[in-house]
Amino acid sequence: MEIPKELKFIILELKRQGFEAYIVGGCVRDLLANIIPEDWDVATNAKPEEIKRIFPKSFYENKFFTVTVHTGSQNPKLKEIEITTFRSEAKYTDKRHPDEVKFAKTIKEDLARRDFTVNAIAIGLKSKAQSTKSKINPKSKYLNSKQVEIINPFGGQKDIQNKVIRAVGNPEERFNEDALRMFRAVRFAVTLSDPPAGGWKIEEKTGEAIRKNSSLLKEISKERIRDELTKIIMSERASKGIEALREMELLKYIIPELEEGCGVGQNKHHLYPCWEHYLKSLEYAAKKNFNKYVRFAALFHDIGKPRVKKGEGSDATFYNHEVVGSKITAQILERLKFSKKDRDKIVKLVRYHLFYYNPEEVGESSVRRLIREAGQENMEELLEVRMADRIGSGCPKAEPYKLRHLKYTIEKVGQDPLSVKMLKVNGDDVMKILKIQPGPKIGQILDVLLSYILEEPKKNEKEFLEKEVAKLRKLSEKELNSLRQKAKGEREKIEQKRDEMTKKKYWV
């Protein structure tokens, strides 16, 4: 078992001072499930004031007996470690916060207040060695079975082995204490193992209690729900998580608009009904590790379809579903307290996911209009939403020729044109240096200067270009025009080469 030296030092120091100390919480669960912990927590019978005395580099600013100790570690995840005094909790009148938090006497009493058995396990270090094999070296990375004791009063180890999420004690009592635990049960079920290993299961009585008490979710702050939902969406098993929320009867209290898609058939362009299409689109987005904006948009992009559907069977229509869907998405994200930045981006991806593109029919001006409306900064993600939509529809290819050609066109129209506007001098500078009035000679000189910097970009400095303008003054109009035509030919070659490279990039 690999335990960081910073954690070993804290526990051994507390024990040296005559206190009990244990590693607790999700890090223990992760250790026993062969997952690298994200953070570390310690529980002790030392009071906050005693912890602060032992570890002067610490602070205590909460009502939950938690002291944060600065370790001085170079590892960002170990710079601060939270140490909490054993505690027990009284009633949860508001289904969110305990009415009262009290000191507990033992680690078992502390573990009894936790949500699930897999999180109600503690690891202690045996500081008094009975043999050389059990002696702990604080600087050593690893500990063997003789150096640790596992406190497991609720069978959490077995549940980890069997991949089971089970409430500690009476599940209804646990969910009445904090209703968000129902949501967390689903989140743990989909995030505690990689997809190839299969997901975890929610134990039967725990699942029944979730369905029975699902309405309690209405008591929970939207910010807490948003954070848990985002963790599910960002997991590799995101679509399984959304389906589990529906099966556990939680989704109707979070995003009832999604459930409107259940049982709603589509037309000849789709292999799956709306609900299955939502999930398969999200599944692909998660599989490709797309960002959260694309994942939410993949889930919501067709959410407007059930409200605009006309007709049945293969010729059913869903006119304006992207407009209706973007409005629904905006309402959902605002209700769940997403930031304005998140709302604006996801709504745009939903609104413009239905863009039409055929290389033979749609010109560059139409692509520019799409970029202007959806935003240049959103184009890559918009294409990823379209890819997820295609796979979710039953199409065999996420990125067919048309989509690759659109990527090429987007990059092409987004490239800075090779024009005299790139120069660090302009027509006014030329007129000032040559002391001439506006005329064709100015354009000729600027075109020649452009050829210089296309050949050697580092020459695009005002001082160099002003000197070249002075030199070009001596040339006749015929000589200057000849240079200009040569410069135009070179520019066309560069533009053609750049276009060929862009085409090659997207296999078009």
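The dialogue below takes up the sheet, a helix, the salt bridges, one glutamate and the cysteines in turn.

Biologist: What should I know about the model before reading it?

Modeller: This is a predicted model, in which local features need pLDDT of at least 70 and side-chain atom pairs count only at pLDDT 80 or more, while totals for chains, interfaces and linings use all residues. Residues are numbered from 1 along each chain as its sequence is written, and side-chain values use heavy atoms, with hydrogens and water left out.

Biologist: In what order do the strands of the open sheet lie?

Modeller: Strands (E, at least two residues) and helices (H or I, at least four) are DSSP runs numbered from the N terminus, and two strands pair if DSSP finds at least two bridges between them. Here 7 strands form an open sheet of mixed pairing, in the order β3-β4-β5-β2-β1-β8-β9. Its edge strands are β3 (58-59) and β9 (148-151), each of which pairs on one side only.

Biologist: Which strands pair with β1?

Modeller: Strand β1 (residues 21-24) runs antiparallel to β2 (residues 41-44), and 4 bridges join them. Within that pairing, I23 is the bridge partner of V42, and Y22 is that of A43. β1 also pairs with β8 (residues 122-125) in the antiparallel sense, over 2 bridges; there I23 has I123 as its bridge partner.

Biologist: Which way do the side chains of β1 point?

Modeller: In a regular strand the side chains alternate between the two faces of the sheet. In β1, A21 and I23 point one way, Y22 and V24 point the other way, and all are buried. Buried means under 20% relative accessible area, exposed means over 50%, and partly exposed lies in between (1.4 Å probe, protein chains only).

Biologist: How many residues of β4 are buried?

Modeller: Strand β4 (residues 66-70) is mostly covered, with 4 of its 5 residues buried. β4 pairs with β3 in the antiparallel sense over 2 bridges, where S58 and V69 are bridge partners. To β5 (residues 80-85), β4 is joined by 5 bridges, again antiparallel, and V67 is there the partner of I83.

Biologist: Which residues of helix α22 are buried?

Modeller: An α-helix has 3.6 residues a turn, so residues three or four places apart point the same way. In α22 (residues 462-472), the buried residues are L465, E468, V469 and L472. They fall within an arc of 105 degrees seen down the axis, so they line one face of the helix; the arc is that of the directions from the helix axis to the C-beta atoms. The face turned away from this buried side carries the exposed residues E463, K467 and K471.

Biologist: How many salt bridges does a search of the whole structure find?

Modeller: Side chains of opposite charge can pair when their charged atoms come close. A salt bridge is a side-chain nitrogen of Lys or Arg within 4 Å of a carboxyl oxygen of Asp or Glu, and the search finds 32 of them. One joins K471 and E468 (3.3 Å, N to O). Because K471 and E468 are 3 residues apart in α22, about one helical turn separates them. K471 is exposed at 52% relative accessible area, whereas E468 is buried at 11%. Elsewhere, salt bridges that share partners join D115, R184, R187 and E228 into one network.

Biologist: Which residues does E13 touch?

Modeller: Contact means heavy atoms within 4.5 Å. E13, in helix α1 (residues 5-16), touches I54 and F55, not counting residues up to four places away in sequence. The C-alpha atoms of E13 and I54 are separated by 8.0 Å, although the residues are 41 apart along the chain. E13 counts as buried, at 14% relative accessibility.

Biologist: How many disulfides does the search find?

Modeller: A disulfide is a pair of cysteine sulfur atoms within 2.5 Å, and the search of the whole structure finds 0. For C262, the closest cysteine sulfur is that of C274, at 9.6 Å, too far for a bond. C262 is partly exposed, with 30% relative accessible area, whereas C27 is buried, at 2%.
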